[in-house]
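Dear colleague,

I am handing over the structure that we spoke about, and it is placed just below. After it you will find my notes on what was found.

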Amino acid sequence: MADSKKWHLVIDIARCSDCNNCFLADKDEFVGNDWLPYSVAQPWNGHRWMNIERRERGHFPKVDAAHLPLPCMHCDDPPCAANAPEGAVYKRADGLVLIDPVKAKGHREILDSCPYGAIYWNEEAQVAQKCTGCAHLLDEGWTQTRCSQVCPTEALKLVLATDAEMADLVRSDGLEPYRPELGTRPRVYYKNLYRWTKAFLAGSVVYGDSGECAKGAKVTLTQNGQRVAEVTANEFGDFKFDCLEPGSDYTLQVEAAGYKSMERTVSVAEESTVLPDLFLERR
Ligand code: SF4
Ligand code: SF4
């Protein structure tokens, strides 16, 4: 069978500014609007078909925040479909997963089957609901979802691609699914996911005798004797290593001409680690 084109959403965590335009566009499209046979109207309150979560790493002044837009992942092995009555939740040939609002009526158990928490219960309509991938618009020839259309930073991109083309894009752009260990094979991919899943180690190096920032100091990180990374302290003496596994231990070495080499064992915390200032002693 030919490798047909399917819809994917690519989300760049580093570009999301938490403006909530995507969330509001979803509300504008679905609240109060029946799009049968795709979906009945979303209720006014309680649903977040495009949910945006927030994570902070580090602490002042070495801190960053990331936002993770979390829609339905339109999984290729969707447990929501596997645990629903026949035909109530279905996977389309174009990759989208839809809940049939007629066949799924009354089946609240569908809510519990999504490991991403992407399904919501509509009490008035007595039906489980979620992001439809704007299937009603794409079927009319749209090439954007409402959320991707309004994103001002291009953090959301809708991609129509074959599996082979998508595999190339995953490789070239460093894309990853979120929580692949769940085994659902999502069709939503993330760029810069390390901002959500990994931790950083940061600090500042100071010349102990003068109190000046140790610009140019060489900072090396090793683990089990293997060199992980090396950076040079900037004009403020600051250094940072990112994409580290939270909860892991490393050895940090600092070297600068005319000063004694310094070595520390450091642990990278779940929410990242900011070290106290490191003072170098004159040789
Ligand atoms: S519209 Fe774009 S930048 Fe704004 S919250 Fe959504 S994904 Fe983030
Ligand atoms: S994210 Fe949840 S609701 Fe969406 S297809 Fe996967 S299992 Fe189903």
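In which loop is C114 found? C114 is found in the loop between strand 5 (97–99) and strand 6 (120–122), where helices (H or I, at least four residues) and strands (E, at least two) are DSSP runs, numbered from the N terminus.

Before going further, please note that this is a predicted model, in which local features need pLDDT of at least 70 and side-chain atom pairs count only at pLDDT 80 or more, while totals for chains, interfaces and linings use all residues. Residues are numbered from 1 along each chain as its sequence is written, and chains are lettered from A and ligands numbered from 1 in the order in which they are written.

To return to C114, this residue is buried, with 23 other C-beta atoms within 10 Å; a residue is called buried if 20 or more other C-beta atoms lie within 10 Å of its own, exposed if 12 or fewer, and partly exposed in between, with C-beta atoms placed from the backbone. Leaving aside neighbours within four places in sequence, C114 is in contact with P79, C80 and I119, contact being taken as C-beta atoms, placed from the backbone, that lie within 7 Å. From C114 to A81 the C-alpha to C-alpha distance is 9.3 Å, although the two are 33 residues apart in sequence.

In helix 1 (residues 21–30), the residues C22, D26, E29 and F30 are buried. Seen down the helix axis, these buried residues fall within an arc of 80 degrees (the arc of the directions from the axis to the C-beta atoms), so they line one face of helix 1. Their cover includes strand 3 (62–70), helix 4 (146–150) and strand 8 (156–161).

The protein is divided into domain 1 (6–196) and domain 2 (199–280), with bounds that come from an automatic or database domain assignment. The C-alpha centres of the two domains lie 39 Å apart, and the contact between them takes 5 residues from domain 1 and 8 residues from domain 2. On the side of domain 1 that touches domain 2, strand 2 (residues 51–59) gives the most, with 3 residues.

Finally, strand 10 (residues 199–207) has 7 of its 9 residues buried, so it is largely enclosed by the rest of the structure. Strand 10 pairs with strand 13 (residues 238–244) in the antiparallel sense over 5 bridges, pairing being called where DSSP finds at least two bridges between strands. Strand 10 runs parallel to strand 16 (residues 273–274), to which 2 bridges join it. The bridge partner of L201 is F241 in strand 13 and T273 in strand 16.

With best wishes

Key. Two residues are in contact if their C-beta atoms, placed from the backbone, lie within 7 Å.
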